[in-house]
Amino acid sequence: MTCLDRYGLPLSTSSDRAAEKYQTGLDLLLSLWPGAAQSLEAAIAADPDFALAYAARARLHAIQAELTQARSRIATAEELVTRHGTERERSHIGVLSLAINGQSAKALDSVLAHADRWPQDILILSLPLGAFGLFAFSGMADHDQARVDLCERHARHFEADDWWFLTYRGWAHGENGNVTLGRELTQRALEVRRNNVNAAHAFAHVLHESGASDEAEAHITDWLPGYDRSGILHGHIAWHGALVALEKGDTQRALAIYTEHVAPSASTGVPINVVSDTSSFLWRLQAYGHAVPAGLWDEAASYASNYFRQAGFPFADFHMALIAAATGDHGALEGRVAALTDLVEFGSLPAGPVVPAICRAARAFAEEDYIGCVRLLEPMAGEVVRIGGSGAQREIVEDTLLVSLMRSGEADKARALLDKRLHRRPSPRDTRWLNSLVSG
């Protein structure tokens with residue numbers, strides 16, 4: 001064994017080409033840049049016994065929602081690593097196997113233990129981090145702080161200009177409220193490695209959280225054309241641009257971005273992104289008082305009907321509820337709520353009762369029962385974080401509460417919520433709303 005990864009961790013292959021292609025593929029995977037699959041397949045071809053290459057390929061399949069292929073590749077990796085692997089590699093593959101096979105709680109525990117021993121094993125350290133990581137989807141109310149704690153615990157093991165660690169450390173701090181540090185770190189990550197989708201995405205989020213709408217628009221306009229439309233997050237980063245336009249009141253531009261990049265017919269993203277991006281954009285458009293062009297909700301519903309049919313994935317459950325509520329599919333919505341309620345009662349939904357509550361609130365809002373919507377959402381405001389995703393994605397729940405307060409005559413509560421939001425960051429939309437309440 002003579003090959004090492006870029007952190008000096010031994011690789012169980014004697015093929016320099018396999019090691020090189022593996023490292024290239026891993027960097028492309030962790031930056032979500034096109035070409036990762038080809039590099040990892042080349043690593044496997046160069047050394048068919050190289051277990052880590054199969055494991056990384058399995059992880060990429062999982063990210064791309066190709067679960068059958070992911071499980072096949074991780075099974076191969078598990079078999080190979082018993083014959084051709086170190087203790088670190090066996091643990092690495094065992095953690096990935098748990099995550100890929102849906103044992104999220106065990107995977108999270110195993111990640112933390114693995115990271116304490118091998119903190120520079122970045123494919124494993126990446127699993128709890130990000131908007132869709134194991135922490136975010138754990139049902140924890142403090143998962144934003146947990147990400148910061150994990151990054152800070154291991155920060156000493158990474159160089160100051162490590163593009164991967166800068167990206168995830170910056171994301172963690174930005175989502176946890178330290179937007180100044182989050183911006184500094186994510187901007188530096190993007191400078192070190194421009195072809196880094198995760199850094200471009202994290203930087204967009206930090207700009208959103210700091211209310212820097214003009215800078216966010218400039219960032220997306222400048223960066224996105226260099227990212228191939230086939231990229232997993234192309235449509236999602238464009239979604240951020242659509243939200244900026246919507247916040248500024250430029251509905252025409254927002255719809256143009258949506259149609260060109262975000263709609264199911266245009267996006268090449270994975271189902272969780274397509275379903276959440278389409279439903280949340282159209283819901284915002286409608287909630288903000290704009291007409292949704294004919295056919296857009298039906299297109300979103302048609303796409304979503306192929307996915308997330310079984311309740312129990314809270315982030316998806318909420319967005320599926322938005323679609324069902326907006327299209328009047330009461331049977332689907334009530335069936336999902338009933339299933340979620342059962343999961344809560346059985347103690348098998350870590351995110352808890354907030355999930356069926358916000359799904360019910362979506363129906364109340366769609367039916368213009370704004371008092372009922374407020375009654376459902378107010379007690380759950382502090383629990384919405386449990387569904388995972390990012391602050392920008394979850395903000396739609398607070399927007400729904402805010403509009404319901406305004407439309408149900410709760411002007412004092414609406415002003416208080418707007419004041420709180422505007423103290424956190426500037427917002428042209430919130431300013432317009434506050435001014436309308438004051439003048440009204």
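Here are the stops, one selection at a time; keep in mind that this is a predicted model.

**Stop 1: two helices.** Select α3 (residues 51-63) and α5 (residues 87-100): their axes come within 10 Å and cross at roughly 20 degrees. Angles under 35 degrees count as roughly parallel, so that is the label for α3 and α5. Their crossing is left-handed. Now show side chains: on α3 the contact uses A51, L52, A55, A58, R59 and A62, and on α5 it uses R88, E89, H92, I93, L96 and I100. Sorted by class, that contact has 8 nonpolar, 1 polar and 3 charged residues.

**Stop 2: a partly exposed pair.** The whole structure has 33 salt bridges. Pick E79 and R83, whose closest N and O atoms are 2.9 Å apart in one of these bridges. E79 is partly exposed at 40% relative accessible area, and R83 is partly exposed too, at 48%.

Stop 3: Next, grab R425 and E209, a salt bridge with its closest N and O atoms 3.5 Å apart. R425 sits in the loop between α22 (411-424) and α23 (428-439), while E209 belongs to α11 (residues 197-209), 216 residues away. Both R425 and E209 are buried.

Stop 4: Finally, select R421 and E398, which form a salt bridge at 2.9 Å, N to O. R421 is in α22 and E398 in α21 (residues 391-407), so the bridge ties together parts 23 residues apart in sequence. How accessible is R421? R421 is buried at 2% relative accessible area, whereas E398 is partly exposed at 27%.

Key
Residues are numbered from 1 along each chain as its sequence is written. This is a predicted model: local features need pLDDT of at least 70, side-chain atom pairs count only at pLDDT 80 or more; totals for chains, interfaces and linings use all residues. Side-chain values use heavy atoms; hydrogens and water are left out. Axes are lines fitted to C-alpha atoms, for helices over the stretch in contact, and angles run from 0 to 180 degrees between N-to-C directions. Helices (H or I, at least four residues) and strands (E, at least two) are DSSP runs, numbered from the N terminus. Angles under 35 degrees count as roughly parallel, over 145 as roughly antiparallel, 65 to 115 as roughly perpendicular and the rest as oblique. A crossing is left-handed if the near helix is turned anticlockwise from the far one by less than a right angle, and right-handed if clockwise. Contact means heavy atoms within 4.5 Å. Ala, Val, Leu, Ile, Met, Phe, Trp, Tyr, Cys and Pro count as nonpolar, Asp, Glu, Lys and Arg as charged, and the others, Gly among them, as polar. A salt bridge is a side-chain nitrogen of Lys or Arg within 4 Å of a carboxyl oxygen of Asp or Glu. Buried means under 20% relative accessible area, exposed over 50%, partly exposed in between (1.4 Å probe, protein chains only).
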